[in-house]
Amino acid sequence: MDTFGMATPRYKQYVDTLSARIRSGETGRGTFVRDISLLPVTGIECDVTPAMYDLNFIYPEITGQTALLRRTLRQLSMSGDLESLLHYLPHAGRRQERNVVADHLKLRGFSAVDPDTVVMVSGAQHGLASVVLGMFSPGDVIATDALTYPGFKALAQTCHIELVPVPVTPEGPDLAALAQLCRRRKIRGYFTMPTLHNPLGWVMDLTSRKKLISLARENRFFLIEDGSYAFLQKPAPAPLAELAPDITFYVSGFSKNIATGLRVGLVIAPPAHVAALEKIIRITTWNTPALMTGIVREWLEQGEVEKLEQKKRRDAKARQKIVSRIFADLPHLAHPAGYFLWLPLPENVRCDAVISRLRTADIAVSPAESYAVTRDAPQAIRVAVSTLPYDDLEYALITIRDTITYLMDL
């Protein structure tokens, strides 16, 4: 191995087996002693310290956002509508903000969105919670991709919802397996991220989306569509909520495309179920904070959100070029404009060993267990590439690559 940790011939032998091992579950790798000092695997907690290179969470920022916030706060403080920030708002959000959000969604592949179906929430996670609490009951079964967003796993566990896994491939969910699952179980919903899946980065094609909708109609279950990273794919196939608005809850937020500190999100709900979500918002938060929604509205109307999304797409592509160069000989999955990558590990390398060694180098990444809905998690890690300066990112990625190849050659 050279100084940059280029893969050895022995390492390359496992490349051809990658696709089979991405599927849900993993057997035949023996019994190992697990390092109990690893990072928590809920995906919503992490003991990342300020001194660490954080490749666990995704919070992309663009130069100039602080100045933009300062200017917007000044404008809001001088507006005649300032007093309204001190009062309760409608549970689903103010009408003018719902109108602006509905217009913005045309950039996400929607032909038109009825503002009456837009519900403002305190971030995408609150949006998911509102859907689950409003539409499902303890003991209900929701299908989801075998590797999926950890925040939804934690939410389902808290609400006593049973998650059942649908096998995944590098291209999308195995819909034939979902059809078989529906014959065995009463599925009440399916949670998925069809446009830039977290953590695998795929974008479901239009044909697959239509097949999924047909399955949902045939088996009478709701679709829960997470569009948090959809802004990074442009152009994109039509959202599920555009193709099947009567059975789809589209959930997204302004954390990834603007900033994580602005806890503003949205749900596009089937018209018949808007009231159910409003009830949950009233119970949980009453309304999304007016100051936060006011900032988002200003930036949407001024075109600043669209500019930020364009800059972040360019930024993500630049970061993925670094990824492609450093991991050229290391099988991985990533979207060309994504802010993360998925690294399946060689046959003889354990996830906990990789994470433990990286922690000694002050590098935090996410274990596959955080994302796995199956009992047996694959040996893999997810690496977020959104936040570090490019030079620091390159250093951290090289360290990850060298750690994996070192453990493989032991």
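This is a predicted model: local features need pLDDT of at least 70, side-chain atom pairs count only at pLDDT 80 or more; totals for chains, interfaces and linings use all residues.
Let's start at tyrosine 53. Tyrosine 53 sits in strand E1, residues 53-54. Residues are numbered from 1 along each chain as its sequence is written, and side-chain values use heavy atoms, with hydrogens and water left out.

Back to tyrosine 53. Its relative accessible area is 23%, so tyrosine 53 is partly exposed. The cut-offs: buried is under 20% relative accessible area, exposed is over 50%, partly exposed is in between, with a 1.4 Å probe and protein chains only. What does tyrosine 53 touch, leaving aside neighbours within four places in sequence? The contacts are Ala361, Asp362, Ile363, Ala364, Leu388, Asp392 and Tyr395. Contact means heavy atoms within 4.5 Å. Tyrosine 53 and leucine 358 are 305 residues apart in sequence, yet 9.8 Å apart in space, C-alpha to C-alpha.

Now the whole chain. The protein chain has 14 helices and 14 strands. Of its 410 residues, 56% are buried. Take the contacts between residues at least 6 apart in sequence: 76% of them join residues at least 24 apart. The accessible surface comes to about 17,600 Å², and carbon and sulfur atoms hold 54% of that. Those areas come from the Shrake-Rupley method with a 1.4 Å probe; for residues, only the protein chains shown count as cover.

Next, salt bridges. Side chains of opposite charge can pair when their charged atoms come close. The criterion is a side-chain nitrogen of Lys or Arg within 4 Å of a carboxyl oxygen of Asp or Glu. How many salt bridges does a search of the whole structure find? The search finds 11.

One of them joins aspartate 140 and arginine 188, at 3.4 Å, N to O. Aspartate 140 is in the loop between helix H5 (124-135) and strand E3 (141-145), and arginine 188 is in the loop between helix H7 (175-184) and strand E7 (189-192), so the pair ties together parts 48 residues apart in sequence. Aspartate 140 is buried, at 16%. Arginine 188 is partly exposed, at 23%.

Another pairs arginine 217 with aspartate 246, the closest N and O atoms being 2.8 Å apart. Arginine 217 is in helix H8, residues 206-219, and aspartate 246 is in the loop between helix H9 (240-243) and strand E9 (248-253); this pair links distant parts of the chain, 29 residues apart. Arginine 217 is partly exposed at 41%, and aspartate 246 is partly exposed at 39%.

Then there is arginine 401 with aspartate 402, where the closest N and O atoms are 3.4 Å apart. Buried or partly exposed, arginine 401? Buried, at 6% relative accessibility. Aspartate 402 is partly exposed, at 21%.

Last, surface charge. Arg70, Arg71, Arg74, Lys307, Lys311 and Arg314 gather in a positive patch on the surface. Helix H3 (65-77) and helix H12 (304-326) are the elements that give two or more residues to this patch. Patch residues have over 30% relative accessible area and no salt bridge, with like charges joined within 9 Å. Lys and Arg count as positive. Each charge is placed at NZ of Lys or CZ of Arg. Lysine 307 is found in helix H12, and lysine 307 is partly exposed, at 44% relative accessibility.

Key: Patches are made of residues with over 30% relative accessible area and no salt bridge: like charges are joined within 9 Å, nonpolar side chains (Val, Leu, Ile, Met, Phe, Trp, Tyr) within 5 Å. Helices (H or I, at least four residues) and strands (E, at least two) are DSSP runs, numbered from the N terminus.
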